[in-house]
Amino acid sequence: MSTASSSSSNYEYVTARTRSRKARLFDEDDYRQLTRMGTGEIARFMEESEYDEEMNDLAARYSGVDLIEFALNRNRAKHFDDLLRWADGPLHDYIARYLRRFDAWNVKTAIRGLSSGAARDEIESDLVRTGELSESRTDRLLDANSVEEVVEVLDGTRFGPALDDAVDEYEESASLVPLENALDRAYYRSLLSDMPAETDRATELYVEFLRAEVDFRNLRNALRLARSGSSVDPGEYYIDGGRLFSADELGSLAENTNELIARLRNGVYGERLSGALDELEEADSLIGFERALEEVLLAYSNRLSQLYPLSVCPVFAYVLEKEREVRNVRAIARGREAGLDPDEIEAELVIL
Amino acid sequence: MAQDVKPTRKELMEIDDRIELSERGHDTLEQKRDGLIMEFMDILDQAKDVREQVDENYETAQRKLDLARAMEGDIAVRGAASALDEHPEITIQSKNIMGVVVPQIESSGVKKDLDQRGYGVMGTSARIDEAADAYEELLESIILAAEVETAMKEMLEEIETTKRRVNALEFKLLPELNEAKDYIEQKLEEQEREEIFRLKKIKAKKEEEERAAVEEEAETSGSTTEEPITADD
């Protein structure tokens, strides 16, 4: 939770530090070992790794898989905060705009907690304290007594106007959906708007990557809505900024999966998405398709980081890989706790 | 019981009526019991299927929830679950199966579209959708199981009650009534025999008295005819 400076980007420094952090991420062998461990062994393994500080700090409050999950979240927040701390100029902005997803997450957690009558401590334990919102504002979010107060606290932030527009609908429908969608939409809007004026090829590709992520998010949402049998037009959940579909096109294509797949195969991501599309064609479930999309994004960001080592791309690739690590370790721990088979868990992991 | 019964014709008639009524009741209850057992067997088959369905749906739902918690995190799943604001509603009505009132449970709002679940579509994933879908299906099968199993329980209680009534009629009331009837009949026959004997006795006595009277009269008339012999000579 730091602020951007007005200086130029310090790519050399940040990428060097990021490389060192990246080297400490778990590799494929670690995952293979972890999937065969019990939850106690996983916790021990984490105590002897990058996560030792968080594990020791939280051990008094949590135990078992909860301890692992909260340690993962706290460590991730620390690492992302470090990135923001190290980065200057436009690079800071590039990282910050991606990490705003955690701000959106924290606000959603606060309003869901208030709506379900959860205690302040419970809500606080679910927050991921990274992103742009200051500590004091986050604390004020936690102190809020109603959803309307949360909206007031966010007045003057990027989420303020979007929430102001959605709060009337929330009051009418008593449903959190308008607020949650407004937050996600505000996040995606801010992801691509007013990009810093750096026009090198690496930045262009980074922007392309973000647009691909928006396209994939649109695609996933449209398919989910179509498969749930909802009468809602997928166009209503359309996020601007992608380059593959317009809102109208997406709405009509979601109804016809074959046409959608054909369109995707012939589109800009056709080659990269071929595996994911095969998955979509073969399986009834969207889960495999979503996982394949994640793999595509991760592989793409890795490729960009190798092609442009002194740019935003390696930093961004590290952000994605750290995210993936958190998800994978959590998946292994929760999967083992639930008694899932190691091979079954391994099949669910996103490993490159 | 027989000792408490008054051995009168009126009582015998009343007992006959009660026996007839009890036998009719016994037949009816036996038919009801057999009918209930047949209905119960049908419901039992249905309950077995529904219970299997519940078990299967529970395993699927739990597995999907485990996977959603594993891949999306406990926080995300709890958040999505707590976002639900329109809870399902259950209406309980009743229906009659062979005189047994069983509940008929109707649910609304269990199955929800993606946009009705209360969580934002943009920030969640298909794993959470599938876990929610699976739990909605589980809830529907639990409601059906509640209806079928409650009906089964009610039927079972009714069968037990009917069986007890049939047994009470067959092994208690009817034998007692028949015993009382036999007792009264015996008593009445005995009374009849006594009456006949008494009548005979009276008749014999009467006949003896008449005979004695006739003899006395004859004697009296004999003495009067001998008296007119006088000494004329």
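Q: How many positive and negative side chains does chain B have, and how far apart are the centres of the two sets?
A: Chain B has 33 positive and 61 negative side chains. The centres of the two sets lie 4 Å apart. Lys and Arg count as positive here, and Asp and Glu as negative.

Q: How do you know what confidence the model carries?
A: The structure is a predicted model, and pLDDT gives the predictor's confidence in each residue on a scale from 0 to 100. Chain B has a mean pLDDT of 88, with 94% of its residues at 70 or more. For chain A the mean is 85, and 97% of the residues reach 70 or more. In chain A, residues 1–5 have a pLDDT below 50, and this stretch has 16 contacts in the model beyond near neighbours in sequence. The scores of the model as a whole are ipTM 0.74 and pTM 0.73.

Q: What sets chain B against a compact globule of 233 residues?
A: The radius of gyration does: such a globule would have a value near 17 Å, but chain B has 44 Å. The box filled by the C-alpha atoms of chain B is roughly 170 × 25 × 25 Å along the principal axes. As for burial, 33% of the 233 residues of chain B count as buried.

Q: What elements make up the secondary structure of chain B?
A: There are 3 helices and 2 strands, and from the N terminus on they run α-α-β-β-α. Among contacts in chain B between residues at least 6 apart in sequence, 78% join residues at least 24 apart.

Q: Why is A:K108 called buried?
A: Buried means under 20% relative accessible area. A:K108 has 5%, so A:K108 counts as buried. The residue lies in helix α6 of chain A, residues 89–116. Neighbours within four places in sequence aside, its contacts are A:E180, A:L183, A:D184 and B:G123.

Q: Why does A:R112 count as buried?
A: The limit is again 20%, and A:R112 is at 4% relative accessibility, so this residue counts as buried. A:R112 also lies in helix α6 of chain A. Its contacts beyond four places in sequence include A:W105, A:L176 and A:E180 from chain A, and B:A76, B:Y119 and B:T124 from chain B. A:R112 and A:E180 are 68 residues apart in sequence and 9.3 Å apart in space, C-alpha to C-alpha.

Q: Why is A:F289 called buried?
A: Its relative accessible area is 1%, so A:F289 is buried. A:F289 is part of helix α16 of chain A, residues 287–307. Residues up to four places away aside, A:F289 touches A:L219, A:L223, A:A276, A:L277, A:E279 and A:L280. Between A:F289 and A:E180 there are 24 Å, C-alpha to C-alpha.

Q: Why is B:M98 called partly exposed?
A: Partly exposed lies between the buried limit of 20% and the exposed limit of 50%. B:M98 has a relative accessible area of 37%, so B:M98 is partly exposed. The residue sits in the loop between β1 (89–97) and β2 (100–108) of chain B. B:M98 is not a glycine, although its phi is positive, at about 50°.

Technical notes:
Residues are numbered from 1 along each chain as its sequence is written. Chains are lettered from A and ligands numbered from 1 in the order in which they are written. This is a predicted model: local features need pLDDT of at least 70, side-chain atom pairs count only at pLDDT 80 or more; totals for chains, interfaces and linings use all residues. Side-chain values use heavy atoms; hydrogens and water are left out. Contact means heavy atoms within 4.5 Å. Helices (H or I, at least four residues) and strands (E, at least two) are DSSP runs, numbered from the N terminus. The radius of gyration is taken over C-alpha atoms; the globule rule is 2.2 Å times the number of residues to the power 0.38. Buried means under 20% relative accessible area, exposed over 50%, partly exposed in between (1.4 Å probe, protein chains only). The place of a charge is taken as NZ of Lys, CZ of Arg, CG of Asp or CD of Glu.
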